[in-house]
Structure formats: structure tokens, C-alpha cells
Amino acid sequence: MAGMLRILLLEDSTIDAELIEAQLENLQETFEVNRVATRAAYQAALAQHTFEIILSDFSLPDFDGMAALDLAVASAPDAPFIFVSGVLGEDAAIEAFRKGATDYVLKQRLARLPAAVTRAVNEARERAERRRIEQQKDLLVRELSHRVKNNLAVVLSLIRRTGRGCRSVAEFEEKLIARVSALADAHELLFEGNWDETELLSVFQRAVRPHNRDLSRFDIGRHDLVRLDPRTALSIGMVFNELVTNASKYGALANEQGRVSIAWVVNKTGPGRSVRINWTERGGPVVKAPDDEGFGTRLIKANIEYELGGQASLHYLPDGFRAEIDLPIAESEALRPVSA
């Protein structure tokens with residue numbers, strides 16, 4: 001049961017078991033006692049259930065308390081083990097603690113049992129929480145190491161590929177700083193959300209604000225609420241950066257009159273869900289298709305088509321550049337429509 005303290009009681013005397021359970025009624029939390037009296041029943045209970053604490057007599061019909069302690073240490077090492085015995089000599093107590101016992105309570109002083117159980121259980125829970133925190137920390141360190149390696153690989157690729165199409169050191173520096181900054185902005189957004197899922201709208205806003213802080217040059221149409229996992233958010237952030245950079249240099253944001261329309265709609269038909277992102281520029285200089293595919297175009301397609309398994313269609317129309325991006329998303333990522 002949820003919230004129930006599960007206690008395994010190894011006791012062959014029915015009277016003593018009733019006295020022990022009567023004292024346990026003084027515990028501050030609900031509990032459930034599974035009483036066993038033989039070695040076979042004790043072993044079966046350890047194998048079939050998880051207990052938060054084990055209480056055991058020292059003298060038993062077919063085996064002794066030390067053997068019971070050994071079995072508990074082997075099968076349930078995280079459960080505190082308390083001897084509840086009529087007689088427990090000093091030598092036996094020392095040996096019991098050496099083998100892993102948590103405490104012992106004399107049957108002549110059972111009033112001490114609730115406090116001993118409470119203390120032992122609380123200490124065990126604190127140890128379990130510390131282990132959980134340490135495991136989580138180790139997991140985060142490994143994940144961070146993995147992400148750092150991946151990011152360094154991305155940066156190295158940006159350096160190599162950015163340099164190929166640049167005519168001067170100044171141009172190379174400008175483009176490289178912009179792309180690395182976009183990557184850093186995407187990471188900052190993810191860290192703000194504790195590296196959890198991020199809304200597509202937030203990714204878009206973070207990517208374009210360095211070019212138009214108040215978003216006054218953008219017409220944001222329908223934008224369904226879509227949450228992206230970290231890998232997808234990073235890739236989409238880089239894509240938005242390339243689109244807005246291109247618009248600022250050659251497209252709708254290169255003059256004072258141009259505007260950019262952006263919208264995305266979740267497609268819920270077919271075998272899987274996807275989101276269609278439409279980027280439309282108008283009012284800018286006359287658009288001319290490039291003679292060859294630059295790194296920015298390759299970066300967009302690589303992120304959408306290879307990284308995320310989607311499709312990117314780029315159209316260099318005379319009245320304005322357009323991009324149509326289809327992106328598969330998980331069932332939980334498509335939530336609800338939002339009006340402009």
C-alpha cells in the first residue's frame with residue numbers, strides 16, 4: 001500500500017508478537033506487519049516482498065537470530081534490522097552490530113520499540129534519499145559530459161563549414177559568432193527550463209530577438225502549443241537563427257518596410273503527428289536564388305532532414321523568400337491550438 005510502513009516480524013511466540021504489535025500502535029505512521037515464525041517462511045517473505053524494517057527474535061525454533069540477520073543483509077540490505085529479544089548478551093550484541101544489525105530492544109523494555117523503529121526507518125530513508133541524489137548527480141554529470149562532447153562537435157563543424165564560404169576573416173568572424181551565439185541562446189533557454197521540454201514559441205522568440213527585440217517586424221499567426229525535447233529545440237533554434245539572419249541580410253528585414261510572417265500548425269492526421277512551420281517574407285528586396293547552396297541552407301536541411309527526420313522546402317520567390325518545414329513530433333508534444 002502507498003504510504004504504508006511494511007514491517008517483517010520474525011517471532012515464534014504468539015503472545016510476544018501481540019505485545020510487539022501493541023507497542024507498534026504508538027508509531028506516528030500507518031504500518032503493516034507480516035509475521036513469520038520459521039526459516040522457510042522468513043526466506044519466502046524476503047524473496048516475495050519489500051520491507052522497510054525487520055524485527056527479529058534472537059532464539060528461534062529452527063534457526064537463530066544471527067542466521068536471520070545474515071539472510072536479511074543478503075536479501076534486503078537497505079532494510080534496518082532490529083533484534084527484539086528476551087535475552088541478548090553483550091558479546092552477541094557486539095557481534096550483531098558488527099554483522100549489520102541496527103539496534104536491539106529487550107522484550108522487558110518494549111516501550112522503547114516505537115522510538116527505535118522510528119529512528120531506524122528515518123535514518124534508512126535519509127540514506128536512500130542521499131543515494132538517490134548521488135545517483136541523479138552522477139546521471140547529470142554523464143549527461144552533461146555527453147552534451148558537451150556533442151556541442152564541441154557541432155562547434156567544430158560550424159567552424160569548418162562557415163570558413164568555406166567566407167571571402168574574408170571579418171566575414172568568417174561575423175558568421176561564426178552569430179551561429180555560436182545562436183547555439184548558446186538555445187542552451188540558455190533549455191537550462192532555464194532545467195533541460196526539460198521547451199515550447200516552440202519560446203525557441204522562436206529567443207532566436208529572432210537579437211535581430212528584432214520587440215518582434216515588431218514579425219506577424220505571428222496561428223501557433224499551436226508544441227513542446228520540444230532538448231535535441232529538437234537545439235536544432236530548431238539553429239534553423240530559426242539561419243532564417244532570421246538571412247532575412248536580415250538579404251530578405252524582408254534588410255530594409256525598413258519588409259515583414260516576416262510565421263505560423264505553425266499541428267497535423268493530427270495520418271500514422272504520426274507532425275507540425276508544419278511556415279516562414280513567409282514580403283516587402284523586402286527582390287529575391288534572387290543563390291547560384292549554389294550555401295552553408296546556411298545546408299545547415300537548415302541537415303538539422304531538419306537528418307537530425308530530426310523532417311522535410312524542409314526553401315523557395316526563393318521574387319516577392320519574398322519562403323520556407324516550409326514539416327517536423328515529426330511525439331504524441332505528447334502536440335498539445336492545443338493557440339490564436340495569434
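## A glutamate and its contacts

Start with E242: setting aside neighbours within four places in sequence, E242 is in contact with R179, G296, L299 and I300. Keep in mind that this is a predicted model.

Where does E242 sit? You'll find E242 in helix α8, which covers residues 230-249. Is E242 buried or exposed? Its relative accessibility is 7%, and buried means under 20%, so E242 counts as buried.

## Helix α8 meets helix α7

Two packed helices are described by the angle between their axes and the distance between the axes. For α8 and helix α7 (residues 200-208), the axes come within 9 Å and cross at roughly 40 degrees. The two helices are therefore oblique to each other, and their crossing is right-handed.

On the α7 side, the contact is made by L200, V203, F204, A207 and V208, while α8 brings in A233, I236, G237, F240, N241 and V244. Sort these contact residues by type and you get nine nonpolar, two polar and no charged.

## Helix α2 meets helix α3

Now for another pair. Helix α2 (residues 39-48) and helix α3 (residues 65-75) have axes that come within 10 Å and cross at roughly 15 degrees. That angle makes α2 roughly parallel to α3. The crossing of α2 and α3 is right-handed.

Here R39, Y42, Q43 and L46 of α2 make the contact with A67, A68, L71, A72 and S75 of α3. By type, the residues of this contact split into six nonpolar, two polar and one charged.

Key:
Residues are numbered from 1 along each chain as its sequence is written. This is a predicted model: local features need pLDDT of at least 70, side-chain atom pairs count only at pLDDT 80 or more; totals for chains, interfaces and linings use all residues. Side-chain values use heavy atoms; hydrogens and water are left out. Axes are lines fitted to C-alpha atoms, for helices over the stretch in contact, and angles run from 0 to 180 degrees between N-to-C directions. Helices (H or I, at least four residues) and strands (E, at least two) are DSSP runs, numbered from the N terminus. Angles under 35 degrees count as roughly parallel, over 145 as roughly antiparallel, 65 to 115 as roughly perpendicular and the rest as oblique. A crossing is left-handed if the near helix is turned anticlockwise from the far one by less than a right angle, and right-handed if clockwise. Contact means heavy atoms within 4.5 Å. Ala, Val, Leu, Ile, Met, Phe, Trp, Tyr, Cys and Pro count as nonpolar, Asp, Glu, Lys and Arg as charged, and the others, Gly among them, as polar. Buried means under 20% relative accessible area, exposed over 50%, partly exposed in between (1.4 Å probe, protein chains only).
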